[in-house]
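User: Hi! I'm new to looking at structures and would like a close look at one part. Could you walk me through the salt bridges here?

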Amino acid sequence: MTQEEAGEGSAPREEAVGENADAGMTLEERLNRLDEIVAGLEGGDVELEVGLELFEEGVRHIRRAEGILAEAELRVEELLGEGDALGAQPFGEDGG
């Protein structure tokens, strides 16, 4: 049954994306999908099994997004180098 047939034309898709299918997603795509999942779960119109699948998919996207961010942080640190005068500083700290 399609979403339109089920009367859920604007709800997130019911079937969770498989682990292999979402492997090439960008950070932005993952965050957008997480927004869809959260909206669907907050709506309360999701059956338990579908909700659990969506929750599992969301956790997978969060973990992979954290990995993407960690890799980006490592790349920035490598580019700046540990002995570089610029050095990496957390956002919000004044340099001078």
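Let's start with D22: its relative accessibility is 0%, so D22 counts as buried. Keep in mind that this is a predicted model.

Now, what does D22 pair with? The side chain of D22 meets that of R60 in a salt bridge, at 3.0 Å from N to O. R60 has 13% relative accessibility, and because buried means under 20%, R60 counts as buried.

D22 also forms a salt bridge with R64, where the closest N and O atoms are 2.4 Å apart. R64 lies in helix α2 and D22 in the segment before α1, so this pair ties together parts that are 42 residues apart in sequence. R64 is partly exposed, with a relative accessible area of 28%. Put together, D22, R60 and R64 make up a network of salt bridges.

Why can such pairs form at all? Side chains of opposite charge can pair when their charged atoms come close.

Next comes a pair inside a helix. R33 and E36 form a salt bridge, their closest N and O atoms being 2.8 Å apart. Both belong to helix α1 and are 3 residues apart, so about one helical turn separates them. R33 is buried at 2% relative accessible area, whereas E36 is partly exposed at 39%.

As for the whole structure, a search finds 4 salt bridges, and the protein chain has 2 helices and 0 strands.

How values were computed: Residues are numbered from 1 along each chain as its sequence is written. This is a predicted model: local features need pLDDT of at least 70, side-chain atom pairs count only at pLDDT 80 or more; totals for chains, interfaces and linings use all residues. Side-chain values use heavy atoms; hydrogens and water are left out. Helices (H or I, at least four residues) and strands (E, at least two) are DSSP runs, numbered from the N terminus. Buried means under 20% relative accessible area, exposed over 50%, partly exposed in between (1.4 Å probe, protein chains only).
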